[in-house]
Amino acid sequence: METRVAPHAQGKVYVDKLFGTGMAAKQASIQYGKENVVDASMGAITDDTGTLICLPTVEEQLRTMPIQEMISYSPVAGIPTFLEAAIKHTFGEYRPDAYIRAVASAGGAGAISNAIWNYSNVGDTILTHDWYWTPYTTI
């Protein structure tokens, strides 16, 4: 079977260090007390006490959704209508006549990591923008 997946990624499972770090921070908070741990592992918004908060506009939108949509798991592969909308948004009126498929990811850094890990090899050149975020070093 022909594949475009990089040889080092075929048949392997990647264990995400960021999620592991987040879990370690949560465990440390339990063990040493929340006031003694700074959890800077995930891209989450907290108030000055470290309590998770939500942007008011996001909360407003969530409150309009049926409860079943809010509490159910998304399909591992992603919600088909969302994936198609993502493809349409990405290409707009310039969608090529080619095989195109969207993939679900647990956040932006996960998407970047998945793309680089699965579709590039050591020594490949990867074009990106000039914005830099520290986790890019790990990715």
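**Model and conventions.** I am working with a predicted model, in which local features need pLDDT of at least 70, side-chain atom pairs count only at pLDDT 80 or more, and totals for chains, interfaces and linings use all residues. Residues are numbered from 1 along each chain as its sequence is written, and side-chain values use heavy atoms, without hydrogens and water.

**Confidence.** I looked up pLDDT (the predictor's confidence in each residue, from 0 to 100) and found that the protein chain averages 83, with 94% of the residues at 70 or above.

**Helix H4.** Taking helices as DSSP runs of H or I with at least four residues, numbered from the N terminus, I noted that H4 has twelve residues and that Gly 92, with a positive phi near 55 degrees, follows H4,.

**Salt bridges.** With the criterion of a Lys or Arg side-chain nitrogen within 4 Å of a carboxyl oxygen of Asp or Glu, I count two salt bridges. One joins Glu 59 and Arg 63 at 2.7 Å, N to O; the two stand four residues apart in helix H2 (residues 56–63), and so are separated by about one helical turn. In the other, the closest N and O atoms of Arg 95 and Glu 84 are 2.9 Å apart, and this pair links distant parts of the chain, with Arg 95 in the loop between H4 and H5 and Glu 84 in helix H4.

**Largest pocket.** A pocket here is an open set of points on a 1 Å grid over the protein atoms alone, where a 1.4 Å probe fits, with protein on both sides within 12 Å along at least five of seven lines, and lining residues have an atom within 4 Å of a point. I find 25 lining residues, with Leu 83, Arg 101, Ala 102, Val 103 and Ala 104 nearest the centre; H4 gives the most, six residues.

Notes: Expected span 1.5 Å × (residues − 1).
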